Amino acid sequence: MQDIRLRAGAAALLSLAAFTSVTGAAVVFIWWLLFSRPVQVLGKLRIVIPALILVGFFGLVLELTGGGGISYSLRMTVSMTVIILIGAWVYTGYRQGDFLRLGTWLLGNKTGFDLGMVAETGMQSLDLMVSDLSRIQQAQELKGTSRGIRSLVPAGSILIHGALRRAEETAELMAVRGYSCGGSYCPVFNTTVRDLVAGSAAICMGIIAFVPVSEFFILYH
Amino acid sequence: MKLSLAGVKVVRGDWSLSAEGVFEDGIHLVSGDTGSGKSTLALMLAGQLPPASGAIEREGIESALITFQFPEFHITGPDLEGECRTWDLDPTPVLKDTNLAGKKTLHPLDLSRGELKRLILACVIAKNHDLLVLDEPFSSLDSREKERFCATVSGRKTGITIIFTHERVHFPRVSRIWEIQEGVLHDRGRLPVALSQWNRAPAVIKKLIARGRTPENFSQADLLEAACRT
């Protein structure tokens, strides 16, 4: 999907649909398989796989500690898994400037510009964190640190520390350059036929998730 | 010990890097502009990045280590003492040598980047690996620390040490110079002959050579000796 307006709208709708019920999660997963180019998404963002394992782990913990019963744990695990997959699709399809375009289109050159810019810097920071994580893992491997929970804590603190430092430096630089708020931007969008088909399909999936099946079909009791 | 590169190539879009040559025991300096592919080559030599084509062969190298430009990536300890222990080192001499003994209970991220770099480099050198690849070891260090590091690394008598840097002033005594230019790694040869072949040589070295005072090497002491030679 090249049009960020459709991509963001579809992602919001599909995430909500996936969170609503297992049926919703199932139809959203089908949409993800059909329209997100799953092999590319998982190939580009391998970090999704450990995230999915983590979701499964917490679902199990929730169940073992007497959470809301098997059905609740299962629903949460399935829903969260699908939401992560949708997030991965949005992330891998991101092109620089997407959120600035979306923000200014949606909320104008003041609030929209600011929010768009925050999202842009966030995405750039995420990119850097992914490459930093790869370096940290290499360094830990050479040091003989085994991969696992114990290696996650220092890696996480380095990533967060680095992100905060970069954010502070960026903020200082912008202040020095005279930035206070808002800006001027004329967004241009490229909407393809595939975008429209995927967007329409997302709306259909949303309807299926939110409206009971019995509203569509005559069911025999 | 020997590290051989045969027809090594890495390609990223329009950008590519080709490398050929043999790194033997001693200290090697690889220079090149920013973005020329120094870090990529460093990762390949350390065995952390497979080349797109060609082969990198190691002979007699039992252990290898790379240090990254940003020292934060290496941290796994909860404090400076713990960090030294994660390298299997006794913290007392390391912290004393790096003038960080008074900060031993601090978290490594509470240090300035220069202090952290000093600590990580000290740990790495103390480990004495057969192959040591140092990616921009001088970044974040002040002049005094750069000189101290040069002296320390010059003291590494065994193994292969490869320094990737665009540093222009402070250097240890090295055995061989390599240069990355226009996507190709060039072997400029052994010192002192390599100095006249080195395109990116610092201006002071070029001037000394032009005046017929080619230094033996290019540590500060060598340059001073050549400059004061009568």
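Tutor: In what follows, a polar contact is a pair of N or O atoms within 3.5 Å; within protein, one must be able to donate a hydrogen and the other to accept it. Residues adjacent in sequence count only if both atoms are side-chain atoms. The structure under discussion is a predicted model.

Student: Which residue has a backbone nitrogen that lies 3.1 Å from a polar atom of the side chain of B:Glu115?

Tutor: B:Glu115 is placed in helix H4 of chain B, residues 113–127. The separation of 3.1 Å runs from a polar atom of the B:Glu115 side chain to a backbone nitrogen. That nitrogen belongs to B:Ser112.

Student: Is B:Glu115 buried or exposed?

Tutor: Residues up to four places away in sequence aside, B:Glu115 touches B:Leu100 and B:Lys103. The relative accessible area of B:Glu115 is 14%. A residue counts as buried under 20%, so B:Glu115, at 14%, is buried.

Student: How many residues apart in sequence are the parts that B:Lys103 and B:Glu115 tie together?

Tutor: The side chains of B:Lys103 and B:Glu115 meet in a salt bridge, with 2.5 Å from N to O. B:Lys103 lies in the loop between helix H3 (91–97) and H4 of chain B, whereas B:Glu115 is in helix H4, so the pair joins separate elements. B:Lys103 is partly exposed at a relative accessible area of 30%. The parts tied together are apart in sequence by twelve residues.

Student: What is the N to O distance in the salt bridge of B:Lys146 and B:Glu167?

Tutor: This pair links distant parts of the chain, 21 residues apart: B:Lys146 is in helix H5 of chain B, and B:Glu167 is in the loop between strand S7 (160–165) and strand S8 (176–181). B:Lys146 counts as buried at 15% relative accessibility, and B:Glu167 is buried as well, with 11%. The closest N and O atoms of B:Lys146 and B:Glu167 are apart by 3.1 Å.

Student: Which three residues of domain 1 of chain B lose the most area to domain 2 of chain B?

Tutor: The domain assignment of chain B gives domain 1 as 2–63 + 131–199 and domain 2 as 73–128. About 1000 Å² is buried between domain 1 and domain 2 of chain B, 60% of it from carbon and sulfur atoms. On the side of domain 1, 36% of the buried area comes from B:Ser140, B:Arg148 and B:Arg156.

Student: Which element gives the largest share of the side of domain 1 of chain B that touches domain 2 of chain B?

Tutor: The contact takes 15 residues of domain 1 and ten residues of domain 2 of chain B. One salt bridge is found across this interface, and four residue pairs are in polar contact, both residues at pLDDT 80 or more. Strand S6 (131–135) and helix H5 (143–154) of chain B each supply at least two residues of the domain 1 side. The largest share, five residues, comes from H5(B).

Student: What area is buried between chain A and chain B?

Tutor: The contact draws 15 residues from chain A and 16 residues from chain B. Within the area that chain A buries against chain B, A:Arg135, A:Leu142 and A:Lys143 supply 42%, more than any other three residues. Carbon and sulfur atoms give 61% of the total buried between the two chains, which is about 1600 Å².

Student: Which helix gives the largest share of the side of chain A that touches chain B?

Tutor: Six residue pairs are in polar contact between chain A and chain B, both residues at pLDDT 80 or more. Two or more residues each are given to the chain A side by helix H6 (98–143) and helix H7 (149–176) of chain A. The largest share, nine residues, comes from H6(A).

Student: Which residue of chain B meets A:Arg165 in a salt bridge?

Tutor: Two salt bridges are counted between chain A and chain B. In one of them, at 2.5 Å from N to O, the side chain of A:Arg165 meets that of B:Glu72.

Student: Is A:Asp3 buried or exposed?

Tutor: A:Asp3 and A:Arg5 meet through their side chains in a salt bridge of 2.8 Å, N to O. A:Arg5 counts as partly exposed at 26% relative accessibility. The value for A:Asp3 is 2%, so A:Asp3 counts as buried.

Methods
Residues numbered from 1 in each chain as written. Chains lettered and ligands numbered in written order. Predicted model: local features only at pLDDT ≥ 70, side-chain atom pairs only at ≥ 80, totals over all residues. Heavy atoms only, no water. Contact = heavy atoms within 4.5 Å. Buried area = accessible area lost by both parts, 1.4 Å probe. Salt bridge = Lys/Arg side-chain N within 4 Å of Asp/Glu carboxyl O. Helix = DSSP H or I, 4+ residues; strand = E, 2+ residues; numbered from the N terminus. Domains from an automatic or database assignment. Buried < 20%, exposed > 50% of the residue type's maximum accessible area, 1.4 Å probe, protein only.
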